[in-house]
Amino acid sequence: MSAGSAVPSKVQVATRGHVIGETRTAPGSWDPKARTLEITLATDAPYLRKGWSGSYWETLSMEPGACDMSRLMSGAPALLQHASYDADSLLGAFGEPRIEGSRLLASVHFTDEDLAIARGIEPFVQEAARGIRKKWSVGYDILGFRETGVGADGIPQILVFRWMPLEGSLVLIPADDSCESRSHGGTM
């Protein structure tokens, strides 16, 4: 750029006249001082699962009392890629879980910066803070379920009417693509 040229506020990547990507801005719910981020951890969107007896659509109930949030309330781990076998994948802990409509929301309290740097996870925290990595996934135990029918596609539908989140993970490809860092004002 020449002297005096304006710096674009948003950079678009284009090829042959088609926009294929834009830079991302940090999620508005990121609090750098507290190192916290509000996320959508789960929704009631059906997800196609594969089991021993075939495929089925699984839906997590968001009805009052369906989700046992006791582990989330007591600081369930926030992990990288569901790597519960690797202590170095611990990004922080969860707090303030709640159901709003069809979504399970929570706050992630990331590990202190010095410790995160020493353990090599600070780059992941910063990518989450900047909105580069923004997808989340929940790991949970099923405490009660029932088949609710068969869809038009011929695949059985299962409602998980009682479940307990054990952990939440910052992932590259979530089962439910709407589970991500929240924007300012609590909307996605």
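# Close-up views of a predicted model

**View 1. The largest pocket and its lining.** Strand β9 provides the largest share of the lining of the largest pocket, namely 4 residues. The structure shown here is a predicted model, and the volume of its largest pocket comes to about 260 Å³. The lining consists of 17 residues, of which R49, L60, V138, Y140 and A175 are the closest to the centre of the pocket. Two or more lining residues are given by each of β3, β4 (47–51), β5 (54–60) and β9.

**View 2. The protein as a whole, for orientation.** The secondary structure amounts to 3 helices and 10 strands, and these follow one another along the sequence in the pattern β-β-β-β-β-α-β-β-β-α-α-β-β. Of the 188 residues in the protein, 39% are buried. When contacts between residues at least 6 apart in sequence are considered, 63% of them join residues that are at least 24 apart.

**View 3. R35 and its surroundings.** R35 belongs to the loop between β2 (18–22) and β3 (36–43). With a relative accessible area of 8%, R35 is buried, because buried means under 20%. The side chain of R35 is joined to the side chain of E122 by a polar contact of 2.7 Å. When neighbours within four places in sequence are left aside, the residues in contact with R35 are W30, V108, H109, F110, T111, D112, E113, A116, E122, V125 and Q126.

**View 4. The buried side of helix α3.** Helix α3 spans residues 122–130, and its buried residues are E122, V125, A128 and A129. These residues cover an arc of only 120° around the axis, which puts them on the same side of α3. The cover over the buried residues of α3 includes β3, β8 (103–110), α2 (113–119) and β10 (156–171). After α3 comes G131, which has a positive phi, near 80°.

**View 5. The aromatic pair of F94 and W136.** The count of aromatic pairs in the model comes to 3. In the pair formed by F94 and W136, the ring centres lie 6.3 Å apart and the planes stand at 75°, so the pair is edge-to-face. F94 is part of strand β7 (residues 90–100) and W136 is part of strand β9 (residues 135–150), so the pair ties together parts that are 42 residues apart in sequence. Are the two partners buried or exposed? F94 counts as buried at 3% relative accessibility, and W136 is likewise buried, with a relative accessible area of 0%.

**View 6. P77 beside F94.** P77 is placed in strand β6 (residues 77–80), and with a relative accessible area of 29% P77 is partly exposed. Although P77 and F94 are 17 residues apart in sequence, their C-alpha atoms are 6.3 Å apart in space. Not counting residues up to four places away in sequence, P77 touches L90, G92, F94, L166, E167 and G168.

**View 7. Positive phi values at Q81 and H82.** Q81 lies in the loop between β6 and β7, and H82 has its place in the loop between β6 and β7 as well. Which phi values do these residues take? Phi of Q81 is near 55°, which is a positive value in a residue other than glycine, and phi of H82 is near 60°, again a positive value in a residue other than glycine. Q81 is partly exposed, with a relative accessible area of 39%, and H82 counts as partly exposed at 29% relative accessibility.

**View 8. The polar contacts of D153.** D153 is found in the loop between β9 and β10, and with a relative accessible area of 45% D153 is partly exposed. A polar contact of 2.7 Å links the side chain of D153 with the side chain of W57.

Methods: Residues numbered from 1 in each chain as written. Predicted model: local features only at pLDDT ≥ 70, side-chain atom pairs only at ≥ 80, totals over all residues. Heavy atoms only, no water. Buried < 20%, exposed > 50% of the residue type's maximum accessible area, 1.4 Å probe, protein only. Polar contact = N/O pair within 3.5 Å; in protein donor to acceptor, adjacent residues only side chain to side chain. Contact = heavy atoms within 4.5 Å. Arc of directions from axis to C-beta. Phe/Tyr/Trp six-rings, centres within 6.5 Å; stacked < 30°, edge-to-face > 60°. 1 Å grid on protein atoms, 1.4 Å probe; cavity = no way out; pocket = protein on both sides within 12 Å on 5 of 7 lines; lining within 4 Å. Points joined across faces, edges and corners; volume = space filled by probe spheres on them.
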